[in-house]
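Q: I'm new to this structure and would like a close look at one part of it. Could you pick a pair of packed helices, walk me through how they sit together, and then link that to what lies around them?

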Amino acid sequence: MLAYVARRLVRLVLSLIAVSIITFGLLQLVPGSFSDLAEVGSTALGDQTSGDGGGDSLASRYGDQVPAWEQYARFMTGLVQWDMGPTFKYPQSSVEELMGEAFLVSLSLAVPATLLTLLVAIPIGMVAAVKKDKLADYGSIFTLTTIQALPGYLFALVLVLVFSVGLGWLPVRGWAGPEYMVIPVVALAVQPTAMLARYVRSSMLEALRDEYVVAALAKGGSRRTVLVRHVLRNSLIPLVTVVGPIFAALATGTVFVEVLLGIPGLGRLFTLAARTRDMPLLMGTTLFFALILMVMNLIVDLVYGLLDPRIRHQQRTSSRWRRPRRAGLLPASQLVDSRTQGGRDDGGGGSETPSPDVSAADGTEVRR
Amino acid sequence: MTSAHAAAPANVTGAACVPEPRESALLSVSDLRVSFTKPRSAHSTEVVAGLSMSVPAGGSVAIVGESGSGKTVSMRAMLGVLPDTAHVTGEALFEGRNLVGMPEPDLRRIRGTGIGMIFQNAMSALNPTRTLKVQLTEHLRWHGIASGAEARRRAVDALDRVGIPDPERRIRMYPFQLSGGQRQRAMIAMAIVAGPKLLIADEPTTALDVTVQRQVLDLLQDLRRDGLAIVMITHDLGVARYLCDDIVVMRHGQVVENASMRSFISAAQHGYSQHLLDTALDVTTAVGENDIDDDPVEDVTATTALAHPSPGVGGDQAELLVVRDLAKVFHGRGGDVTAVTDLSLTIPRGETIGVIGESGSGKSTLARLITRLTEPTAGDITFGGTDVLRLSGKRLKAWRRQVQMVFQNPYGSLLPHQTVAANVVEPLRVHKVGTKAWRRERALELLTMVGIPESRADQYPRQFSGGQQQRVAIARALALEPALLVCDEPTSALDVSIQAQVLELLQDLKERLGLSMLFITHNLAVAQRLCDRAIVMANGCVVEVASTDTLFTRPQHPYTQALLAAVLPIRAELPPRSGVTAALDRVPVEQEGDLVEITAGHWVRTKRSADDFAKPQVLTQKGLTQA
């Protein structure tokens, strides 16, 4: 298990390095280096003269005289030490400070939005699956599909119109207290909810077709018990893979909603950085986005293992089941058993079974 | 009326009669009907049209029929575990109480404690993410039978009773951690832990290897002996005959015959029953007692193992395919897996060689190696004098024309979006043979040859039944007029009577076209029916090679003997169970050693010398004896 996590972390670091090289390379191609901006006296550069002479340090880091590889190396060293230096626009604050503040804001939206998504989507998906082909199913799926097709910022606008402008219950925009969170959280949650509910529905329907449902009913379980103890649990496992990216997407900020509602989150910071060609800030935010996404994926895989014993088993042993070279040394029962199990790696050869369903289906040959 | 109980078989008159529901019956079903309504339509389809049967306490009844005959649906309807779209009428008295229309809580209690159910595939019938403990104890708690430590103790007892070794440890395991046979046993334990009086077994052994099947059936028989009544849903008459006293034959949702097993086997009344009996393949293993003395034991031309044994050489016939010392090792991250090792065989022109083995024995890998779909790790393959392994590019493609394959799942091996005619000429198109018009002619000709009328040539595969699809697949394999046809379990996905038709077709084609075939199967009866010679494989190596006649009457390797002992005959006398158990226990011995030719053309893997086989063992009706 530790070896598995270690391997994944190594892969994560390598991916991050790849992302950083690509991002840096692309930014070099974009017109508007630090010296260009300084030459034309662009407003994209902040107050270079005030304070502790940030302008000098910026010029010495990103000026024309510094070769690109050195700029890159210096930034990456800073990244490792969590000291990425000043930004073009705000020479007085460092990249990590700006990102840290913005991330906290985004996080305080992402966590409630994700929870709201789960709380609403799972029951809707469940009902739709259980009432398949009935009004509740058609109604909810129709609504969800429609909602999914509409952009999230549209909901933000509608919510502002109704609750802020019309009813006056909530502030219109800004970021000054918990009441400012309500509209963005709801607006952010709408689309993921629609998507997740549809996933829940199809995942539940798939689990409902499994024979262990009939087996559990045949043991005398009530439909409700069977639904909760067997179907729901199993059908929610694959959803972890969807919830992870949803959370990552929300946590890295959603540009439209943040800009629209004036929320100083990561999304707004990123647009700002892009608009002003603030190279250090762009590098920082991009790498941070990549990091969050990769960490979420790692967490998803670990949680998947936690929930599904088959995956856990794979991760723990991280080697395939091995057939003995010659079965002559095994006791009778084991040989008979190993023969039936052998079907699993018979056709697969050297490849690993990618998903739990595949290994489940291959476990026995079905013959009629 | 017929006594439904085996204890009084003398009463059986041979007449098929419907046992009337009696007071003493544990379960008595009369006129059970099940229909399904499609969503958003008033139309409903009747799937079961009047099932009547009765199961005495401790009795056993087989429900036999082909797929879609309503066997499973009727039993599930009785227990009320069908989806809402099912409409059930009729009467099903269990201990005098009607299950049909019974309020859900009462019915649930009966489901949990009075009637247990087991399924074909234990892997899917057990929840993959729950431990055995959870799955074996939850319904004890639901029905207030036991909870906590007491429930766990009962579960351990049940696992022990079904023969799972070390139940204390295994109860903490997940289904995927058990072997196939153990999973099946665990599922049975789950069904019996609450102490039901009736067990509904839905094809519980169909997906298992023959030796494991035999062990599971023996377990069910033991449970019966302890007083558990069993309804066995199966399509396999051998299984039905082995376990059950009475039989109900279903077709298109209706009962066509309801009789005691004995009278059914000896004198089935209904034409369809007779048809089932006729098409079911029966392995004939035993030679009569008298034949033993006539055995040409003096024929033993004891030759010691050759440096490169090439078993399968039959007389002077030209050899089409010669395989020497073939091996395949798969390199995985967890280490190497040897799928095939030290394998030599010869296919003479015009002969059919069977490859018999259970799952994991390497028989499918062998097929892929011979067709060069997989590259071997070591060994030689010579096909009509050509070294196949050296071919590449155009020459390999040209060679492929001579070797064609037929697979187990016909639908999966046909292109679903092409008509069957297009499917059949696909190989001709690939190899750019003939004009379009000529290929069309050829397609119709081939389809006619396999018994598909020309009028259906432009239909799509899904419009055909499984057996017809397999015919199309065979026609496609024959399109290039191959010299060798490699069939990988071509009939095991088909119903029994369809299987017989496909085998007949292959037999016919073999004779008419002089085809050579490599026929891979786990089904001994199929091998006996079709093959001239057979190879028995276990764990990637050949353990015995002989003509099918010799193999089925004088098997020498313990593994072959175990396979044959596990076979369930339909008509012949059952060999005593003790002998079978002994044979199954001896399975793993003698995997080591060399192939030794003990009589002409009969090779056995053994450490002993050929002289030890001078008095070969013979499988008689009493089991294995020294001749």
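A: Let's start with helix 15 (residues 420-430) and helix 17 (residues 466-478) of chain B, whose axes come within 7 Å and cross at roughly 30°. Angles under 35 degrees count as roughly parallel, so helix 15 of chain B is roughly parallel to helix 17 of chain B. As for handedness, helix 15 of chain B passes helix 17 of chain B in a right-handed crossing. Keep in mind that this is a predicted model.

Who does the touching? On the helix 15 side of chain B you'll find B:Val420, B:Asn423, B:Val424 and B:Pro427, and they meet B:Val472, B:Ala475 and B:Arg476 in helix 17 of chain B.

In general, nonpolar side chains in soluble globular proteins tend to be buried together.

Take B:Met53 up close: leaving out residues up to four places away in sequence, its contacts are B:Leu27, B:Ser28, B:Val29, B:Val61, B:Ile63, B:Met75, B:Val231, B:Val248 and B:Asn258.

For another helix in chain B, look at helix 11 (residues 271-279), where B:Tyr272, B:Ser273, B:Leu276, B:Leu277 and B:Thr279 are buried. Those buried residues pack against several elements of chain B, among them strand 3 (60-64), strand 9 (246-251), strand 10 (254-260) and helix 18 (496-513).

It's handy to set a helix pair from chain A beside the one we began with. Helix 5 (residues 95-130) and helix 14 (residues 279-307) of chain A have axes 10 Å apart and pack at an angle of about 45°, so these two helices of chain A are oblique to each other. Their crossing is right-handed.

Where do the two chains meet? One spot to check is B:Phe119, which sits in the loop between strand 6 (115-118) and helix 3 (122-125) of chain B. With a relative accessibility of 1%, B:Phe119 counts as buried. Its contacts beyond four places in sequence include A:Glu211, A:Val214 and A:Ala215 from chain A, along with B:Arg76, B:Gln184, B:Met187 and B:Pro204 from chain B. B:Pro204 is 85 residues from B:Phe119 in sequence, yet their C-alpha atoms are 5.2 Å apart.

Most residues other than glycine have a negative phi. B:Asp31, in strand 1 (residues 25-37) of chain B, has a positive phi of about 50°. B:Asp166 has a positive phi too, near 55°, and lies in the loop between helix 5 (148-161) and helix 6 (167-170) of chain B. B:Asp31 is partly exposed, with a relative accessible area of 37%, and B:Asp166 is partly exposed at 39%.

Terms used
Residues are numbered from 1 along each chain as its sequence is written. Chains are lettered from A and ligands numbered from 1 in the order in which they are written. This is a predicted model: local features need pLDDT of at least 70, side-chain atom pairs count only at pLDDT 80 or more; totals for chains, interfaces and linings use all residues. Side-chain values use heavy atoms; hydrogens and water are left out. Contact means heavy atoms within 4.5 Å. Axes are lines fitted to C-alpha atoms, for helices over the stretch in contact, and angles run from 0 to 180 degrees between N-to-C directions. Helices (H or I, at least four residues) and strands (E, at least two) are DSSP runs, numbered from the N terminus. Angles under 35 degrees count as roughly parallel, over 145 as roughly antiparallel, 65 to 115 as roughly perpendicular and the rest as oblique. A crossing is left-handed if the near helix is turned anticlockwise from the far one by less than a right angle, and right-handed if clockwise. Buried means under 20% relative accessible area, exposed over 50%, partly exposed in between (1.4 Å probe, protein chains only).
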